[in-house]
Amino acid sequence: NQVLRVDGYCPETQLQGRPVHLTVRVNSVALAVLRLDQPNERFSHDVPLPSPLLNQPRLTVELELDRTTTPEGDGRPLGMPISSVSIR
């Protein structure tokens, strides 16, 4: 019953009037696509871990957004602020 918990913050500028999708992969396996649509809100999502990933000595977690945002005058593409990723 272990889950991968992803905690973060969804700034309004990231949404640009429409939801953003965050794909969660573990060891190159896509486990979930999270729909984030609440501006300026913290989020916490639990993604169930399939049995082949349980009790592994090492896991590689990848988080991928379907789009980035570029602040005016900055020029850098920015993703979603993630505060923590943990296994529970």
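Contact here means heavy atoms within 4.5 Å. The model is predicted.

By that criterion, Asn 40 is in contact with Tyr 9, Cys 10, Pro 11 and Glu 12, once its neighbours within four places in sequence are left aside. Asn 40 sits in the loop between strand 3 and strand 4 (41–48). Pro 11 is 29 residues away from Asn 40 in sequence. In space, the C-alpha atoms of Asn 40 and Pro 11 are 4.5 Å apart.

Two of these contacts can be described at the level of polar atoms. The side chain of Asn 40 makes a polar contact of 3.3 Å with the side chain of Tyr 9. A polar atom of the Asn 40 side chain also lies 3.1 Å from the backbone nitrogen of Glu 12. The relative accessible area of Asn 40 is 40%. Asn 40 is therefore classed as partly exposed, because that class lies between the buried limit of under 20% and the exposed limit of over 50%.

Strand 2 covers residues 20–26. Seven bridges link strand 2 to strand 3 in the antiparallel sense. Within this pairing, Val 26 stands opposite Val 29 of strand 3.

Terms used:
Residues are numbered from 1 along each chain as its sequence is written. This is a predicted model: local features need pLDDT of at least 70, side-chain atom pairs count only at pLDDT 80 or more; totals for chains, interfaces and linings use all residues. Side-chain values use heavy atoms; hydrogens and water are left out. Two strands pair if DSSP finds at least two bridges between them. Helices (H or I, at least four residues) and strands (E, at least two) are DSSP runs, numbered from the N terminus. Buried means under 20% relative accessible area, exposed over 50%, partly exposed in between (1.4 Å probe, protein chains only). A polar contact is a pair of N or O atoms within 3.5 Å; within protein, one must be able to donate a hydrogen and the other to accept it, and residues adjacent in sequence count only if both atoms are side-chain atoms.
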